[in-house]
Amino acid sequence: MSLDRAMDRTPSRALLLGVRLHGWGTGLTLLAVWLLLIAATGFYRPDFFTHQTVLAIAFTMSIVGVMAIGQGIVANSGGFIDLSQPAGLILSSLVAVRLSETGLPFVLVVVGTVLTGMVWGGVNATIIVLAKLNPVIVTLATNFIGLATLYLVFQLAQVPIGSAIYDFGRANLLGLPAIWWPMLALVLLVGLLMRSTRYGRRITAVGGNRAAAAARGISLKKTRFGTFIAAGGFVGFAAILFASSAGPFNPGSANTLQLNIIAAVILAGISLRGGQGNFWMLLLSVGFLSTIPTSLVFFGLSSDTQTIFQGAILIIAVAIDGYRIRRGAR
Amino acid sequence: MTDIAADKRPAGGGVIAHHPLREMLTGSVASIGFTFIVVIVAGLLLVGPKFVSAGNISIMGAFVIVPLIVGAFSGFALLAGVVDLSIGSMVGISSALFALFITMGWPLWAAGAVTLLICLGFGAINAVAIVGFGADAIAATLGMLTALRGITWVLAGNEKAIFAFDMNFFGLVNQSVFGLPLFFLLAILVSLIAALVATKTRVGRHVRAVGGDELAAARAGISVKRVRTAALLLSAFGAGIGGIIYEGQLGSAAGATGFGLEFQVYAALMIGGYSILRGGVGNPLGGALGLLAVAGVSNILDNTGVSPYFVNIIVGLLLLAAVLLDRLRGGDAFE
């Protein structure tokens, strides 16, 4: 694999074009598979096409989508995976609960929660940069430590019923859950920023080739801090959506989200090897993955089967990703 | 796996390795050996002489049998540079399948053999994705982890567990010799054999060569693909055995059996000197000591009435300390 990577470092013009096309190819494939799933379910059970289904899918999309942006930024910058997202999400959600219990206005609750997520990302980044350790292991350890500490602090928490954040989690806007719209806005915004601003391109450059990026005068340390703090901010924002809509949660409540998020990032074509990916594709991959559980219920399959499908899809997706990189490198 | 971490680093890191005595005192086994002694001393101070009594060691031992065996086998996958995250779910599905076959009235040997064959089949899928297609090992085995957990839940059905108590097998697995669990002693033996294979045999050298620098290994005529495939199959096989033993210990298999085991095992193995991101480093002996040290810490907390959640905090801190130590010893620096 290191052979592939070594060759990755000198992409030819043709390869770049291929990557660009493959970005849209990924999108078309995802869209086709998603539509196929919807059509098949609707054909089997016409009552699939209800507003209720749309609401269920959109709810699932919201939290996974926002966290996937954070995960995508980390992956894109060459940080591989942030395994500490569950701990960050629960920590921020707990802050959201405590802040809303004091009766602070909603805006301040949001600010406080997002800041908590950014601090969490900053802690990770500090360890990674100062100790020069690999993010995967650091975030594995901080997730261990964070979740265990959270278990010591609380067992069950919920935002106060009737508070602004509680109402936000249950409100609808234009036929979709209110929490879905910020997700859409953030994915579109980040996709645009990553592509057309200097900072976005720096992140991608560092992820693609650290040495070349450093030689071009991009500070690796600053980029690493920036990406992890930004990723933490998205986890913090996801915590608002999570705390507002999830009902009572415990420190283990976010563990099942982790895999969905990683799968969404890989399916969207944001390579875990860094340096490539179109964030807009997250809308399709998250939408597709969020439709699976609802579809399976309509097919009369237990909710346990959804994890089988998600796992199988992830294996196939990374196999295709690996194959593409290998072929592209030759 | 080298692709995430390793840039152009000479094989074997910067370790001053050619002096066996120095290696013995400064290598990764030495630091985990030291940690292990610290844990025992802490146990003696905090818990008292009871800590090293046969009764207490039996309690600890019974808990680490499965992690020790699973760790000894999956350590080869780490050495070959392909981390297998699916081991926890593999333990779960193996335990569920074995229980299921027993409830169907199959003889023990047939139930065990078919269970292990199915586990090898799943290991082969891992190998096809990772070695055949070049999928990233962490992501692919994460997918396998999810899929197998799903199948295990489906097998466990509405009761969330399969009850399959076989008197003979229960007796065998929970047998004691010299006041210690038989299978604990066997697990230690397996770890020692794994250590010998990894360090003293040609096979072990090939595995470590592939994990350390696959290009150099390929130039030396070692088939990288074959070694990695074998390592992934071995890892699945070890997890399969672990699942069968779990079933024997409990007399049942739950949908959640083995949940999160992969993180516990790998955290302990990394504390013991392995790396999940870089092949070729680590030693089954260090891995076993890492698992025993973590079991010791958790036993101390149990005996002193401290919340069990502190185990994970200590494991997390030890993990960070271990990888930092590894880096200072000449391992990969990130950036």
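The side chains of A:Asp47 and A:Arg45 meet in a salt bridge, with N to O at 3.1 Å; a salt bridge is a side-chain nitrogen of Lys or Arg within 4 Å of a carboxyl oxygen of Asp or Glu. This is a predicted model, in which local features need pLDDT of at least 70 and side-chain atom pairs count only at pLDDT 80 or more, while totals for chains, interfaces and linings use all residues. Residues are numbered from 1 along each chain as its sequence is written, chains are lettered from A and ligands numbered from 1 in the order in which they are written, and side-chain values use heavy atoms, with hydrogens and water left out.

**Salt bridges**

- Over all chains, the count comes to three salt bridges.
- A:Glu101 forms a salt bridge with A:Arg98, their closest N and O atoms being 3.4 Å apart.
- These two residues, A:Glu101 and A:Arg98, are three residues apart in helix α4 (residues 85-101) of chain A and are therefore separated by about one helical turn; helices (H or I, at least four residues) are DSSP runs, numbered from the N terminus.
- An α-helix has 3.6 residues a turn, so residues three or four places apart point the same way.
- A:Glu101 is partly exposed at 46% relative accessibility, as is A:Arg98 at 37%.
- B:Glu214 and B:Arg228 form a salt bridge in which the closest N and O atoms are 3.7 Å apart.
- Because B:Glu214 lies in helix α11 (residues 214-219) of chain B and B:Arg228 in helix α12 (residues 224-250) of chain B, the pair ties together parts that are 14 residues apart in sequence.
- Both B:Glu214 and B:Arg228 are buried.

**Aromatic rings**

- The whole structure holds 13 aromatic pairs over all chains; rings of Phe, Tyr and Trp (its six-membered ring) pair if their centres lie within 6.5 Å, and planes under 30 degrees apart count as stacked, over 60 as edge-to-face and the rest as tilted.
- The pair of B:Phe101 and B:Trp106 is stacked, because the ring centres are 4.4 Å apart and the planes are at 5 degrees.
- B:Phe101 is buried, at 8% relative accessible area, whereas B:Trp106 is partly exposed, at 31%.
- One aromatic cluster is formed by A:Phe48, A:Phe49 and A:Phe298.
- A:Arg170 lies over the face of A:Tyr166, at 3.7 Å from the ring centre; a charge sits over a ring if NZ of Lys or CZ of Arg is within 6 Å of the ring centre and within 35 degrees of the ring normal.
- A:Arg195 lies over the face of A:Trp280, at 4.9 Å from the ring centre.

**Buried helix positions**

- In helix α10 (residues 202-212) of chain B, the residues B:Gly204, B:Val207, B:Val210 and B:Gly211 are buried.
- They cover an arc of only 130 degrees around the axis, which puts them on the same side of α10(B); the arc is that of the directions from the helix axis to the C-beta atoms.
- A:Ile262 is found in helix α12 (residues 257-267) of chain A and is buried at 1% relative accessibility.
- The C-alpha atoms of A:Ile262 and A:Asp82 are separated by 9.2 Å, although the residues are 180 residues apart along the chain.

Note on methods:
Buried means under 20% relative accessible area, exposed over 50%, partly exposed in between (1.4 Å probe, protein chains only).
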